[in-house]
Amino acid sequence: MSLVAKLLPPANVLLDLQVSSKKRLFEQVGLLFENNHGIGRSLVFDSLFARERLGSTGLGQGVAIPHGRIKGLKDALGAFVRLAQPVPFDAPDAKPVNLLFVLLVPEQATEKHLQILSELAQMFSDRALRDALATAADAEALHQRIVAWQPDAAGQRQAVA
Amino acid sequence: MKVIILGAGQVGATVAESLVSEQNDITVVDVEPARLRALQDRFDLRTVTGSASHPAVLEEAGIDDADLLIAVTQSDETNLVACKLAARMFNVPRRVARIRANAFLDNKLVLGPDGFDVDLSICPEQVLTEYIVKLVEFPEALQVLDFADGKVSLVAVRAYQGGPMVGRPVKEIRAHIPNIDTRIVAIFRRDGAVMPDGDTIIEAGDEVFCLAAADNIRQVMHELRRMDQPVKRVMIAGGGNIGLRLARALEGQYSVRLIEHNKRRCEFLSARLNQALVLNGDATDEELLEQENIGEMDLFVAVTNDDENNIMSSLLAKRMGARRVVALINRRSYVDLLQSGQIDIAISPAQATIGKLLAHVRRGDVVAVHSLRRGAAEALEAVVHGDRESCRVTGRSVEEIELPAGATIGAVVRNGKVLMAHHDTRIEAEDHVIVFVTDKKTMPRVEKLFQVGARFL
C-alpha cells in the first residue's frame, strides 16, 4: 500500500466541486477537514494560503498538491478534489488546475512527509492515472484508483489500467 | 492573483497600473465613475462604481474570489470597514488599508488582533516624511532606501567631477575604501541603464545606485562626489499633514521654518510645534522668502497639496539661493520633466508609497519592494527557503543563479549580518537577499526564481 493510500479516507474525496477560484477552493477544503476531522476551517485555509505564497504547489498538467502544516495535528491527512471547472493556480505551465490532492501535516514535519509529497508528484506524473481520475464516474471509483496505485511499479500500474 | 482595489485616487491608480502589467486580475471600486473611466481607458481592468464599504458593492467586485484587498479610498473609516467586512463576511486572506489619522494608527483596538482585520496599514504621509528626513540626513543623496530593518541601505547618488571614483572603473572602489564592502548595483546614464561590471568607468552626471551596510553609506557616497555641508536650516512650504509631520520630525535637530497660507491652520500648527517657526504667508511670495533669508537655507521642501505651487515655489527658492530644493509632485509627467533640472529632487508621492503595498502582492516570500526611477526600476528583498532541489536560488553561488538581464543580487543578510554579494557568495535558506532590477518587466522572472517548488513542505 502506498503512503498516499493510507492517509486518504474515502469520505475525503470530493467530485466535480463547483468553485470559481483558488480561494473558494481552499474554503471548501477547510470545510471538509472541519466536518470530517474537526480541524478548524480557518486553520486549514490560512495554512494552505501561507504555503502557496512561497511558491505555487501546481505541478502542471492541471494538477496541484496544496499542502500545509497544522498545529496539533498528529498524523498526516489527505483529501482529493476534482473540480467541475479548472481554476488558475499559477502553475509552472500556466495551465489552470482541476485535480488536487490536499495534504495536511503536523507542525513538526518529518522525512516521511517529504516522501508523501514526492510520492504524490510521482503519482500525478502518470498520465494514465491522471486520465482515469479525470474521468472516474464516482468518488468511490476514484478512491479505488488512488488506493490501488503503487509507487515505482510500472507493471502493476499497467495491470490496473 | 485576484486583487480588489478600493479607491481610484492617486495611490489606487498607481497600484492598479503597477499590478495590471503583471498579469493579475484587477477590479477597482470607486464612487466616482469619471475616475474609473479614466483608468479603464488606459488599462485592462474591471471597474465597479459604488461605495467601497458596502457589501453588495464588494460582492459585485468579486470579493468572494479575491486573494487580496487593497483599501486606499480617501476615507480611513471606509478603508477600515471594508477590511473588516472582507475578513468577516468574505474571508479574504489578505487585507491592506491606507490609514492617515494617528488616532487610528496608534490604537491597538483599531489595528490590533481584535481590531478591524487590517494586515498591513500604510500611511503615505508617514512614508513621505521618512523619505524627506533621509534627504535631510544625507544631503548628497537623491534617494536613500532601507532594507533588512535598516541594516542595509540603497542609495542613489549623482556622480560629480571631483569625486575620487569619477572617471575610474568600478572595480577600483575596493582599493579606494578597502575597509568597506559596497556594491554598485546600477548606473543610469542619460536616462538609460548601464549594467556595471568591474571595468565600467563612472562618468560625471551618472546616477549611481550603491548598496552598503547602513553605517557605511556616507563613505561610499564620498567616493562619488564632494560632500556637502551638513544641513542646518530647513524651510518647509505647506503646513498640511506632511508639512506638520516633517516639521515635528526635524525641529529637534535642525532650524525649521514652516510657511502656511491659512491663518487658522498656522495657529493649529504653532500649537503643535515646539521649536519650528510657523510663518503665515505664501511660499511663492518673493518678499517673504527674502525676509526669511531663503539664500541661507540648506534645504527647501515644497509639500503643499498643489503641484504647480510646489514647482513654482521651489524654482523660486532655488533661484534665490536655497542650496537644495525638493518638491512633492503628484503628476507623473511633471516629475519626469523636472527631476534633475532646476529642482534637485522631485518626489512622486504615489510612487514613494506603493513600495510597501507591492511587497504584499509579490509571489514568494517578499519582505520589501521599493519602486525607483519613477517606477521603471525596482529593488526587492526576498527571504530564501528550501534547498537546492526545491528552489533555484538556495545552495547556489551568485554566479550560478540564472537572473534575467538587468537584475543584480546586491547583498545578503544572514542571521542579522550584512554580506555584500560577490560572484562566489553562496545563498543559504533563510537568507534575506536584496535584488536590484533595472527594468521592472523582468521582475516576474526574478520572483519565480525565489519561489519554492511544489514539493517544498
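Which residue is the bridge partner of B:Arg414 in strand 21 of chain B? The partner is B:Lys417. This pair belongs to a predicted model, in which local features need pLDDT of at least 70, side-chain atom pairs count only at pLDDT 80 or more, and totals for chains, interfaces and linings use all residues. Residues are numbered from 1 along each chain as its sequence is written, while chains are lettered from A and ligands numbered from 1 in the order in which they are written.

The model scores ipTM 0.83 and pTM 0.86. Chain B has an average pLDDT of 91, and 99% of its residues score at least 70. Here pLDDT is the predictor's confidence in each residue, from 0 to 100.

Strand 20 (residues 407–414) and strand 21 (residues 417–420) of chain B pair in the antiparallel sense over four bridges. Helices (H or I, at least four residues) and strands (E, at least two) are DSSP runs, numbered from the N terminus. Two strands pair if DSSP finds at least two bridges between them. Two residues lie between the strands of this hairpin, and B:Asn415 takes a positive phi near 50° there.

Axes are lines fitted to C-alpha atoms, for helices over the stretch in contact, and angles run from 0 to 180 degrees between N-to-C directions. Within the sheet, strand 19 (residues 377–383) and strand 22 (residues 432–437) of chain B pair in the antiparallel sense over six bridges. In strand 22 of chain B, B:Ile434 is the bridge partner of B:Glu381.

Chain B also holds a parallel sheet. Six strands make up this open sheet, in the order 3-2-1-4-5-6. At its edges stand strand 3 (46–49) and strand 6 (120–122) of chain B. Each of these has a single partner strand, so one side of each lacks a neighbour in the sheet. Strand 1 (residues 2–6) and strand 2 (residues 25–30) of chain B are joined in the parallel sense over five bridges. B:Leu6 has B:Val29 as its bridge partner in strand 2 of chain B. Helix 15 (residues 349–361) of chain B lies across strand 1, strand 4 (68–71), strand 5 (94–98) and strand 6, and runs at about 160° to strand 6 of chain B.

Strand 16 (residues 325–328) of chain B is covered on both faces. B:Val325 and B:Ala327 are buried on one side, and B:Val326 and B:Leu328 are buried on the other. A residue is buried if 20 or more other C-beta atoms lie within 10 Å of its own, exposed if 12 or fewer, and partly exposed in between; C-beta atoms are placed from the backbone. Strand 15 (residues 299–302) of chain B pairs with strand 16 in the parallel sense over three bridges. One bridge joins B:Ala302 to B:Ala327.

The largest nonpolar core has 154 residues. Such a core is a set of buried Ala, Val, Leu, Ile, Met, Phe, Trp, Tyr and Cys residues joined through C-beta atoms within 7 Å. Among the residues with the most contacts inside the largest core are B:Leu69, B:Val301 and B:Val435. A second, separate core of 44 residues includes A:Leu8 and A:Phe89.

B:Ala141 lies in strand 7 (residues 141–147) of chain B. This residue is buried, with 22 other C-beta atoms within 10 Å. B:Ala141 and B:Asp64 are 77 residues apart in sequence and 45 Å apart in space, C-alpha to C-alpha.

Two further residues have a positive phi without being glycine. A:Asp16, at about 50°, is found in strand 1 (residues 13–17) of chain A. A:Asp16 counts as exposed, with 11 C-beta neighbours inside 10 Å. B:Asn91, at about 60°, sits in the loop between helix 4 (76–88) and strand 5 of chain B. B:Asn91 counts as partly exposed, with 18 C-beta neighbours inside 10 Å.

Conventions. Contact = placed C-beta atoms within 7 Å.
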